[in-house]
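Dear colleague,

I am handing over the structure shown below, and I would be grateful if you could look through it before reading on. My notes on what was found in it follow directly after.

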Amino acid sequence: MFKHLQEIESKLYQRYLTVERNVKAGSNSFYDSYLDLQEQFVKVVALDYGIEFGVRDSVGQLLRNATLKAYFLETLGVEEYTYNKMQDYTLKVNAHKHKGEKTVQIETIVNYLRVFYNAASAYANSKAIDADGFDANYYISIFGIFEKENSELRCEMQQLKEELATSVEEGKLKDSDIATYQGLLSQSALDKLS
C-alpha cells in the first residue's frame with residue numbers, strides 16, 4: 001500500500017518498512033519510526049519545492065514553515081485537517097519521546113498512518129505516481145504478529161525439547177547426541193531470543 005514511496009525516494013520507503021516492522025512487533029518504537037518517516041517525507045517535499053532548511057531542522061519546524069504549508073495545501077491539495085494532524089502527531093510523538101512512553105494501540109497506528117498516507121499520496125499523485133488505497137485492515141491484521149509467531153515457536157521448541165528428553169531417558173540416543181542435547185538453550189535463553 002505504500003509501495004509508491006519507493007518511487008518517491010528509496011530511503012523514504014525504507015523508513016516505512018521500519019514503521020511496518022514496529023507495527024508487527026506491537027512496539028512502542030512505532031512512534032519514533034513514524035516520526036522519522038514523516039520527517040524524511042517532509043524534507044523530500046521541501047527539497048523538491050526548493051525550500052531551504054538546516055540539517056538540524058526538525059519536522060515540527062518544517063511544518064510551521066508558511067511556504068511549505070501553502071505548497072501542501074494549495075499545490076498538492078492536501079486537506080487542512082491532514083496538514084494540521086501531521087503537526088499534531090509530531091507534537092504527540094515528541095511528547096511521547098520526552099515525557100514518558102505511551103503504549104502503542106492499533107487505533108493510533110491506523111490514524112497516524114492514514115494521515116501520512118493522505119499527504120504522501122497527494123504528493124505521489126502530483127508526480128504522476130500511482131498510490132494504492134489505504135487499507136486499515138492490513139495493519140489490524142499484522143499488529144503484534146511477531147509476538148504471536150514467537151509464542152508459537154517457543155511452544156514448538158518446548159515440545160521438541162520434551163521429545164528429546166524422553167528419547168534420552170529411554171536410551172534412544174547415542175552419548176554424543178546426549179551431550180548435544182544437554183548443550184541446548186535453557187528456557188531463560190529462549191525467552192531472550194527475538
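To begin with a question: how are H5 and H6 oriented to each other? Before the answer, a word on how to read these notes. This is a predicted model, in which local features need pLDDT of at least 70 and side-chain atom pairs count only at pLDDT 80 or more, while totals for chains, interfaces and linings use all residues. Residues are numbered from 1 along each chain as its sequence is written, and side-chain values use heavy atoms, with hydrogens and water left out.

Helices (H or I, at least four residues) and strands (E, at least two) are DSSP runs, numbered from the N terminus. The axes of helix H5 (residues 66–75) and helix H6 (residues 80–99) come within 9 Å and cross at roughly 140 degrees, where axes are lines fitted to C-alpha atoms, for helices over the stretch in contact, and angles run from 0 to 180 degrees between N-to-C directions. H5 and H6 are therefore oblique to each other, given that angles under 35 degrees count as roughly parallel, over 145 as roughly antiparallel, 65 to 115 as roughly perpendicular and the rest as oblique. In this pair, Leu68, Lys69, Phe72 and Leu73 of H5 meet Glu80, Tyr83, Asn84 and Met86 of H6, a contact being heavy atoms within 4.5 Å.

As for the protein as a whole, eleven helices and zero strands are found in it. Buried residues account for 36% of its 194 residues, where buried means under 20% relative accessible area, exposed over 50%, and partly exposed in between (1.4 Å probe, protein chains only). Of the contacts in the protein with a separation of 6 or more, 64% are between residues 24 or more positions apart.

Helix H3 (residues 30–49) has 20 residues, which at 1.5 Å a residue should span 28 Å, and the 28 Å between its end C-alpha atoms agrees with this; the expected span is 1.5 Å times one less than the number of residues. H3 is mostly covered, with 14 of its 20 residues buried. After H3 comes glycine 50, whose phi is positive, near 85 degrees. Glycine 50 is found in the loop between H3 and helix H4 (59–63), and it is exposed, with a relative accessible area of 56%. Glycine 50 and leucine 68 are 18 residues apart in sequence, and their C-alpha atoms are 9.6 Å apart in space.

H7 is mostly covered, since 15 of its 21 residues are buried. Leaving aside its neighbours within four places in sequence, serine 121 is in contact with His4 and Ala131.

H7 is followed by alanine 128, which lies in the loop between H7 and helix H8 (136–142). Most residues other than glycine have a negative phi. Alanine 128, however, is a residue other than glycine with a positive phi, near 60 degrees, and at 71% relative accessibility it counts as exposed.

With kind regards
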